[in-house]
Amino acid sequence: MTSHADALPFRAVDPELDFPRSEQEILEFWRRERVFERSLTARGPEAPAFTFYEGPPTANGMPHNGHVLTRVMKDLFPRFQAMQGKRALRKGGWDTHGLPVEVEVEKELRIHGKAAIQAYGVEPFVRRCIESVFRYTAEWERLTERIGFWVSLEDAYVTFHKSYVESVWWALSRLFERGLLYQGHKVVWWWAQGGTALSSGEVGQGYKTVDDPSVYALFPLVEQPHRALVVWTTTPWTLPSNGYAAVRPSTDYCVVRVGEPLPKRKAQPLELGPVEELIVAAALREQLSAKLGRELEVVGSSSSEQLEGLRYRPPFDTFAKERWGWTAKLADHDEEVPQWWRVIVEDFVALDSGTGIVHVAPAFGEDDGRAHARQRQRYADPDAVELLSAVEPDGSFKELVGTPYAGRWVKDCDKELIAELRARRLLLHEELYRHDYPFCWRAEQDPLIQFARPAWFIRTTAELARAKANNQAIQWLPPHVKDGRFGDFLDNNVDWALSRERFWGTPLNVWLCEGCDHREAPSSVAELTQRNPHAFDHWHAAKAADPTLQDDLMVHKPWIDEVTYPCPRCAGTMRRVPEVIDCWFDSGCMPFAQWGFPQLEGSREKLKEAFPANFISEAIDQTRGWFYSLLMVSTLVFDEATQRECLGETRPWPHPYERCIVLGHVSDRDGKKESKSRGNYTPPDIILDKVSMEYAVLELGQLEGGRPAVDASASRRGVALIAREDLEGMDLEEGAEVRLTSGVAPGRELRVQLRVAKHLPRRVAVLAPEDRAELGLGVAPKGLGQRPVEVPELPPEQRVRVEDPLTPAPGADAFRWFFYASSPPWNNTRHSLKNVRLYQKDYLVKLRNVYAFFTIYANIDGWRPGRCAEARPVAARPLLDRWLLSELALTVQAVTEQLEQYHAYDAALRLVDLVEGLSNWYLRRSRARFWGSGLGQDKLDAYATLHEALVTVAQLTAPFTPFFAEELYQNLVRRADPGAAVSVHLTDYPRAREERVDAELTAQMRAVRETVSLGLAVRAANRLKVRQPLARADVVLNDAALEPALRSHALLIQEELNVNELRLMVRAHTDGAVTFKLQPNFRVLGPRLGKDVQAAKQALAAVDGAQAFAELGREGRLRVLVGQTPLELSPEEVSVGVSAAPGFAAETGKVGVVVLHTTLSEELVDQGLLRELVSRVQALRKERGLAFTDRVRLRLSGTERIERVARAGLGHLQEECLASTVELLEDVSAPELELGEERVRLALERLEVP
RNA sequence: GGGCCAGUAGCUCAGGUGGUUAGAGCGCACGCCUGAUAAGCGUGAGGUCGGCAGUUCAAGUCUGCCCUGGCCCA
């Protein structure tokens, strides 16, 4: 059956705004028609590839708004490029390894530390890691689809898969062969009691404020034993492991003598033994003097450069007793120098506390470790220099420290160490120092220590020049990242600490021989099997016993640890090192590992095609993360030889990505970071699907004694109290009616009003007992202590869902658009439901209104896209049509250009401009053209123009707002033409019709719009309703060139301003309403006159503007007196502007001045009354709810003047009001209306259409 | 403590190479329109351009120092 609706040219646009609903239909359409899959193949196999790399998320947490931003940016450009004719491949990916995953699993199992994991069993632990990693995959996939992020998830790469791991092995194997892998030490935050390094996230959770000893120790100089460095440390237990003393670069130091006690100070007794003079930073001398309570007399000066290299006696001889004389050979010249106990220069030395000289124990501080690494670089054989550490991994002192310290927990020895220093006269000062120090977040009484662990490194510093060249070739957005944050990071590069003493990660593929020192890095399972055919027997046995075992696990701990093979050099056995690798290295291997290169068939071709990526995009925090790992891994692995071997050619920089869009963070509406624990977090669902949130249920009684001051009367039946922030979060006003539902009372709902209670925590709602009973709800026991983050975990009877029943959520397009259009993507974005709606209104809603208008009238007129052919050629169409099509062409040009440059924000701005002009000018000015009956030529032109504009906008906006673009396209194009491309996303991106660009017309229209605007401002300022016609408007132009332009739009201006006559003139008087203002043209005159230009300004302001302007015109120059000096000015040196004289009905703008003649003749008043009449009738029509096309019978009675006006304007009334008959009667029974001084009664009834 | 980025109207943002009345949209107020109607439109009020110095005839724009926020690193 063909319904009436199906017969319409266009499906009527739903008057209700519910974007999520139509988006669901479109999602279903895309699924059904497999539009994404088609878009990948539609351009044929020969189409050029466009490559995008997906930075893999970890799915062990819920996706949040930041993920929406990245996914939305990642989606935009491939969609655009696909419409530009490219094969835009988008392979998904999942990051699955790493410490955060292990920590999550530890939390679940309520175990902590290496030993606990081993006790639990590495095998079941690893299996739980896999489960954990995919815990929220479903949510991720749902969000991905819902926001319209097109990515191939079904063949997504997964970092723990065997093929991926083997690719990573291949890369490491390459680096190993080139000598870029070595063993060293890395300083980590170490939980000694548990034998585990903690991630920075874990460390951050465990800070406590504590008092630690702060020690000022003396390090006597070897050459001048009477002088000592005053060295500051807060970790006395690291002093036995001292290696260097560090001073700050380019800093003044002074030599002082300890003098008399300061007056009014408590001076401590000092026993300094042979030391007489102290060296401290000049800037900290007084501070130290105050601490000691003694004068410090300056007896000499020094600088960091002079101090550098001086040898000193370490405070403890733990290592010095054996190694004092040890030296090492320098790399750059043939010289042996002492390895230890020298002054070095380091940036990290601060001058805000201490002495400006810092104790460096390379094993016990990150700065210290790095400083040591730099020292090692000086030597011919860096590995010849060992690391001094007097501490065992369990946190106890080593035997070599000797009694009484050996075997004891280091921090317990602080006091005795200090006492020993004092006894040896090496202690200058001691005090307590209050600071924040990290403790283990699970074992809260255990302080962490920084501790050097043996680790494998990649020698990135060896290839740094190539990495930098690579960076230089990347197009960074914003550009400052290149030489700013990223460049700086490269400049300060240190070798990559690759290994991790953990369980869940890519195992480091280095095998060591037990018998000799032979090392190998096999690159695949196949290679291992070649070396030992039985290498994986244990795995196959395990798999036979448990067929559910995933094949990928054969390359993971614990199974891989059992793989051994005979040493090729001796009779020993090769065993793998125990470590796994940094998961950042995994992610950096993604360009080739996603294809399983080189071991998988076809991977070589795929790599060749998709290397480098055209663009990647992630947030700024990835600078040192993925941006770095990608660049570094590819720089290292793909040296020229490897490129030739793997790609068959060498590629110029950059690789592996040509462009990188660095995104800002998503913050709340106050610019604060969104955080679940603070509760200032807007879940994506609120934007995408339903404005609803869950709250913990509280009752009034729980507030007593707490901070919230709640008026007891505010809590009553039918009212829910919440925090103001929560109210704003749902974009609701106080008093809004909401729907309450509960998980324990399915199907039941309650309508209540929302009220704000001051100081209420977020995410709680106070309900009246009766209301709670209605929904079967209890209360959350924590009351005011309820934390937002815990709300979803509460039992169902303690939670209530609050939903806004009136306003649908903005939807996915709005969410996307918000991120594109609100600010450049590298700025931080202030996100809230309200803001998303704001930007939606500005663009999507406006566009939708134009679209709705179009369908209404096209349906009335039966206009179909086929009738486009009946429109005249563009050049012959009315000015307004030509203007719109010119704007359209310009916009196509600009948007395309911006998207090619990856400027999403600028492109979005252009689209907003276009839609603004389309709605606010073109349609407003064209509405009357659609009203008349029948399809005249002008109307045919208008339909064709508007239709084309809408279709083009649909295509332009398709990469940005794919859902609404699809709706437009389906209704405007495909409904009439089933042969058209199935989806807007399968069409070609619009090409600018350059022949239609009319820059002059654009400029003219701008002037017209400004003129109109000025005229309306005059009316507003003088309280002249637009409905009242005026006799005349004078437009006094600043620029003569605009005169003919405006003349051609005179009718339009008259109509907008409702004036009967328009006069255009160029810088002329109009009855004194205009004055002339002369100013220097500063750009020209400034350089000529210099300082005097200000005097010239005053002189010009003083002359009679009109006369001066006349003189300029007459003689081609102007003479003025500047002070006593005559000055001759050329026309270029003077800028003349007209402005409205005070007291006239006139306004000034850039184009010039608009003057309105405000005297009302009787005739004008009559004209005004007629318009009033029409207006009142239209209001009545609306009141009656009449359709646009309904015909009416109008009866009216009124004062004499009204009747005269009505009689004279009968035809006009009939036409404007669709009144078939207009009857003037003695008395109409209707309320009397006032029209100024006149009165009228109006009655109308609908006429049935015959 | 260091590096990078940002700070312009209530909000979100524009403001090549310095040029003298600092712009837009939204919001707000007032008004218009009533054949896009829970829509459309106009006008207006809001700014010591984060602060303080400096360079210059002239600074939102250049320089220095400082303040606030964000991120990264200590």
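Which residues of helix α24 (residues 640-647) are buried? In this predicted model, local features require pLDDT of at least 70 and side-chain atom pairs pLDDT 80 or more, whereas totals for chains, interfaces and linings use all residues. Residues are numbered from 1 along each chain as written, chains are lettered from A, and side-chain values use heavy atoms, without hydrogens or water.

The buried residues of α24 are Thr642, Gln643, Cys646 and Leu647, buried meaning under 20% relative accessible area (1.4 Å probe, protein chains only). Helices are DSSP runs of H or I with at least four residues, numbered from the N terminus. Viewed down the axis of α24, these residues fall within an arc of 100°, so they line one face of the helix; the arc is that of the directions from the helix axis to the C-beta atoms. Their cover includes α9 (162-177), α22 (603-609) and α23 (623-637), with contact defined as heavy atoms within 4.5 Å. Glycine 648, which follows α24, has a positive phi near 75°.

RNA strand B is surrounded by 57 residues, the closest being Tyr839, Tyr905, Trp931, Ser1013 and Arg1027; a residue is near the strand if one of its heavy atoms lies within 4 Å of it. Of the atoms of RNA strand B that come within 4 Å of the protein, 70% belong to sugar and phosphate. Helix α29 (residues 833-861) contributes the largest share of the surface near RNA strand B, 9 residues.

A side-chain N or O atom of asparagine 920 lies 2.9 Å from a sugar or linking oxygen of RNA strand B. A backbone N or O atom of serine 919 is 3.2 Å from a base nitrogen of RNA strand B.

Definitions and conventions. Buried < 20%, exposed > 50% of the residue type's maximum accessible area, 1.4 Å probe, protein only. Helix = DSSP H or I, 4+ residues; strand = E, 2+ residues; numbered from the N terminus. Polar contact = N/O pair within 3.5 Å; in protein donor to acceptor, adjacent residues only side chain to side chain.
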